[in-house]
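Please walk through this protein chain with me, from its overall build down to single residues. Keep the structure open as you read.

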Amino acid sequence: MNKEIVCSGIRPTGNIHLGNYFGALRNFVKMQDEYNCFFFIADYHSLTTHPTPENLYNNARQILVQYLACGLDPEKSTIYLQSDLPETIELYLFLNMNAYLGELERVTSFKDKVRQQPNNVNAGLLTYPTLMAADILIHKAAKVPVGKDQEQHLEMTRTFANRFNNMYKKEVFPLPQAFNFGGELVKIPGLDGSGKMGKSEGEGNALFITDEPSVIRKKIMRAKTDSGPEQMNQTKPQEIENLFTLLKVVSTPDTVEYFDDLYNRCQIRYGDLKKQLAEDMVNFISPITERINAINSDEASLKRIMDMGKEKAHESARRTIEEVRHVIGYRN
């Protein structure tokens with residue numbers, strides 16, 4: 001029996017932080033054995049922010065290296081550059097012919113971008129949902145791992161797929177479903193005492209898998225804390241709960257229990273907690289950093305991986321676009 005197809009895009013927007021790693025990325029690695037996975041680096045999507053040619057290439061390469069170091073396996077999954085697949089752009093054009101201005105203007109993320117960058121409201125932002133739909137439908141994906149902010153785009157993908165099927169009276173595209181990781185997602189908090197870890201909150205809020213040990217230690221030692229517990233077994237405030245959440249993902253259960261007990265007995269010293277967390281975090285991140293350095297220095301292997309991904313993605317996309325062209329009425 002063929003495995004269900006899963007498709008997900010990776011925007012080349014900088015280094016991967018622990019929130020990315022313990023969120024979707026770790027689950028991507030697990031999915032490789034259960035599904036037929038297509039992971040693409042979305043370098044076309046990034047053009048909406050007008051990167052320089054140097055940034056475009058370096059960011060895409062950087063993300064590829066980091067995802068490989070974190071466990072994506074090109075022998076198990078298809079990993080490719082979005083720009084290596086011209087079939088995606090052809091399908092994007094076909095879908096745009098049946099996407100309407102009113103529905104595109106109502107997309108929440110588009111309205112947000114209009115407010116955030118009024119001097120750069122380009123057609124790529126407006127038609128972002130149709131390009132995302134083309135990325136998914138070009139492989140006839142059944143499942144798509146999406147965050148909360150992408151759910152509306154996935155619903156539009158289903159709309160475009162259903163509209164195409166009805167217009168040409170043929171079930172060309174499946175209606176992809178959101179991939180549900182269930183209880184396996186771990187929400188990693190930031191170091192600023194509130195919210196989740198993320199690039200937009202500033203460098204000091206996030207721990208990146210490329211951070212040097214000295215940087216990791218400095219960031220953790222600067223993490224926000226309070227003056228300490230004032231009564232036995234009191235509820236931890238958010239900034240302290242955040243530190244314990246980080247401790248739970250990189251330290252042994254005995255270590256977590258030890259500091260939890262000290263907190264409950266009002267004997268905790270946050271400096272000791274941070275030092276322990278920093279060392280355990282360094283031990284956790286260092287092997288990933290070593291793999292990044294090894295992969296980054298092997299240009300021949302990187303080229304082989306990208307060529308292999310391009311070929312595998314092209315084979316899947318070619319079958320879809322030939323069927324689409326035939327259904328629409330084009331003939332070779």
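Helices (H or I, at least four residues) and strands (E, at least two) are DSSP runs, numbered from the N terminus. This is a predicted model: local features need pLDDT of at least 70, side-chain atom pairs count only at pLDDT 80 or more, and totals for chains, interfaces and linings use all residues. Residues are numbered from 1 along each chain as its sequence is written, and side-chain values use heavy atoms, with hydrogens and water left out.

Start with the whole chain. Its secondary structure comes to 13 helices and five strands. The C-alpha trace spans about 75 × 45 × 45 Å along its principal axes. Of the 332 residues, 46% are buried. Buried means under 20% relative accessible area, exposed over 50%, and partly exposed in between (1.4 Å probe, protein chains only). Contact means heavy atoms within 4.5 Å. Among contacts between residues at least 6 apart in sequence, 79% join residues at least 24 apart.

Now the surface. Accessible areas come from the Shrake-Rupley method with a 1.4 Å probe; for residues, only the protein chains shown count as cover. The accessible surface of the chain comes to about 16,800 Å². Carbon and sulfur atoms account for 49% of that surface. For charges, Lys and Arg count as positive and Asp and Glu as negative, while His and the chain ends are not counted. Each charge is placed at NZ of Lys, CZ of Arg, CG of Asp or CD of Glu. The chain has 40 positive and 43 negative charges, and their mean positions are 3 Å apart.

Next, helix H2, residues 53-69. The expected span of a helix is 1.5 Å times one less than its number of residues. The 17 residues of H2 should therefore span 24 Å; the end C-alpha atoms are 25 Å apart, which agrees. The buried residues of H2 include Ala-60, Arg-61, Ile-63 and Leu-64. What do the buried residues of H2 pack against? Their partners are strands S1 (5-10), S2 (36-41) and S3 (78-81), together with helices H1 (18-31), H12 and H13. After H2 comes Gly-71, with a positive phi near 125°.

Ser-316 is found in H13, residues 299-328. Ser-316 is buried, with a relative accessible area of 7%. Leaving out residues up to four places away in sequence, Ser-316 touches Phe-38, Ile-138 and His-139. Asn-283 sits in H12, residues 270-296. Asn-283 is exposed, at 55% relative accessible area. Its C-alpha atom is 42 Å from that of Gly-124, 159 residues away along the chain.

Move to helix H7, residues 128-137, which holds Asp-135. Is Asp-135 buried or exposed? Asp-135 is buried, with a relative accessible area of 2%. Again leaving out residues up to four places away in sequence, Asp-135 touches Cys-7, Phe-40, His-45, Gln-82 and Thr-88.

A disulfide is a pair of cysteine sulfur atoms within 2.5 Å. A search of the whole structure finds zero disulfides. Cys-7 is in none; the nearest cysteine sulfur, that of Cys-37, is 9.5 Å away. Cys-70 is in none either, and its nearest cysteine sulfur, also that of Cys-37, is 16 Å away. Cys-7 is buried at a relative accessible area of 1%. Cys-70 is buried at 9%.
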